[in-house]
Amino acid sequence: MRVLAAMSGGVDSAVAAARARDAGHDVTGVHLALSRNPQTYRTGARGCCTLEDSRDARRAADVIGIPFYIWDMAEQFHESVVDDFVNEYAAGRTPNPCLRCNEKIKFEAVLDRAVALGFDAVVTGHHARLGADGQLRRSVDQGKDQSYVLAVLTREQLDRAVFPLGDSTKAQVRAEAAARGLAVADKPDSHDICFIADGDTRGFLQDRLGSAPGDIVDGRTGERLGGHEGAYAFTIGQRKGLDLRVPAADGRPRYVLSITPVTNTVTVGPREDLEVDVVTATRPIWHGAQTPIECEVQLRAHGEVVPATVTVADGVLSARLHQPARGVAAGQAIVAYRTDASGGDVVLGSATITAGVRASEPAGREPVSAEAAR
């Protein structure tokens with residue numbers, strides 16, 4: 001099989017490319033140049049799209065012994081990931097740029113180009129498994145599992161994807177890289193958002209969206225507790241950085257409950273008011289059996305897994321949680337899993353969260369939603 005190996009410059013993608021070659025595939029390596037100005041992207045251990053990374057990827061390809069190219073996808077990345085990130089925050093939602101990059105860049109733009117060039121599949125270093133049945137499963141390394149950010153892939157995209165690392169732990173991947181003589185064996189993992197050079201998300205958004213003063217109000221009483229310079233600087237469940245001028249009567253901390261861009265209002269309240277037990281989501285990608293179905297759902301990257309009853313109908317996924325969850329933010333993905341006979345967690349599907357509510361809402365409480373922005 002002729003495959004294109006996406007090589008980020010890290011240890012995972014290098015070992016994935018090497019394993020694909022060892023499996024007998026005709027492998028070509030490609031590094032994606034995603035920045036209009038690479039100097040503005042994060043460097044060293046905190047990057048994934050830098051000049052340093054492209055050089056590391058090239059050196060790894062040389063060691064493996066495969067052809068290597070760099071594809072300039074900066075414009076597609078900016079439009080599909082960076083602009084989407086800014087627009088989602090402006091609308092009161094909390095996006096996941098890594099998920100969007102997988103969806104729009106690595107498994108849409110890259111895969112489309114690869115197929116047009118005659119490649120059969122794209123190989124990546126994601127920690128996830130694709131079984132012989134074609135179903136996406138969690139990695140054996142639960143701490144590094146990336147099935148959540150891959151759950152947006154369609155059946156057609158999964159059919160042309162290869163994930164060689166899903167049966168290995170990260171420690172095993174590093175040891176193998178060292179044994180192969182790959183210089184990236186000890187390279188730290190990338191963290192945070194690659195296109196925000198200094199890690200200051202609030203400053204990045206303010207530069208693009210400007211100052212937009214508004215009120216912070218109590219979710220139960222409606223009392224004004226303070227102000228802000230832009231509702232986009234907040235996310236559901238946030239506790240720090242609220243700068244409230246009126247202390248809570250009970251002395252307990254307060255958390256962001258909802259964001260309403262149409263009135264530029266941030267609503268806060270006690271932690272228990274974050275709890276939701278019904279989640280609705282749109283744009284479902286569903287691979288599972290007919291619904292309703294009993295399964296487990298994950299509501300954000302590295303978030304808790306909650307048992308639920310999931311229904312998919314008329315373009316909407318609805319999950320009734322068997323126990324309340326906190327910090328459910330519009331714009332994040334809900335991913336449904338079910339344990340199969342082999343004990344692996346199979347991805348049933350995903351959708352984009354639009355709202356989380358309590359089945360019986362307390363009086364005066366707004367749902368955790370960004371519908372007002374639509």
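This is a predicted model: local features need pLDDT of at least 70, side-chain atom pairs count only at pLDDT 80 or more; totals for chains, interfaces and linings use all residues.
**Stop 1: Phe 77 and Phe 195.** The structure contains six aromatic pairs. Select Phe 77 and Phe 195 to see one of them. Their ring centres are 6.0 Å apart and their planes meet at 70°; planes over 60 degrees apart count as edge-to-face, so this pair is edge-to-face. Now colour the helices. Phe 77 belongs to helix α3 (residues 74–90), while Phe 195 is in the loop between α7 (170–179) and α8 (201–209), so the pair ties together parts that are 118 residues apart in sequence. Are these two residues buried or exposed? Phe 77 and Phe 195 are both buried.

**Stop 2: Phe 107 and Phe 163.** Select these two next. The ring centres of Phe 107 and Phe 163 are 6.1 Å apart, with the planes at 70°, so this pair is edge-to-face. It links distant parts of the chain, 56 residues apart: Phe 107 is in helix α4 (residues 97–116), and Phe 163 is in the loop between β7 (161–162) and α7. Phe 107 and Phe 163 are buried.

**Stop 3: along α4.** Stay with the helix that holds Phe 107. At its start, select Asn 96 and Cys 98: a side-chain oxygen of Asn 96 comes to within 3.1 Å of the backbone nitrogen of Cys 98. Further along, where is α4 kinked? The kink, of about 30°, is centred on Val 110. Val 110 is among the buried residues of α4, which also include Leu 99, Ile 105 and Leu 111. Just after the helix, Gly 118 has a positive phi of about 100°.

**Stop 4: the aromatic cluster.** Select Phe 77, Phe 85, Tyr 89, Phe 195 and Phe 204, which form one aromatic cluster. For another case of an arginine and a ring, select Arg 138, which lies over the face of Tyr 337 at 3.7 Å from the ring centre.

**Stop 5: the cores.** Which residues have the most contacts inside the largest nonpolar core? They are Phe 77, Phe 85 and Phe 195, in a core of 42 residues. At least two residues of this core come from each of β2 (26–33), α3, α4, α8, β10 (255–260) and β11 (265–269). Select Phe 85 and show what surrounds it. Leaving aside neighbours within four places in sequence, the contacts of Phe 85 include Pro 95, Ile 193, Phe 195 and Leu 205.

Note on methods
Residues are numbered from 1 along each chain as its sequence is written. Side-chain values use heavy atoms; hydrogens and water are left out. Rings of Phe, Tyr and Trp (its six-membered ring) pair if their centres lie within 6.5 Å; planes under 30 degrees apart count as stacked, over 60 as edge-to-face and the rest as tilted. Helices (H or I, at least four residues) and strands (E, at least two) are DSSP runs, numbered from the N terminus. Buried means under 20% relative accessible area, exposed over 50%, partly exposed in between (1.4 Å probe, protein chains only). A charge sits over a ring if NZ of Lys or CZ of Arg is within 6 Å of the ring centre and within 35 degrees of the ring normal. The bend at a residue is the angle between axes fitted to the seven residues ending there and the seven starting there. A polar contact is a pair of N or O atoms within 3.5 Å; within protein, one must be able to donate a hydrogen and the other to accept it, and residues adjacent in sequence count only if both atoms are side-chain atoms. A nonpolar core is a set of buried Ala, Val, Leu, Ile, Met, Phe, Trp, Tyr and Cys residues joined through side-chain atoms within 4.5 Å. Contact means heavy atoms within 4.5 Å.
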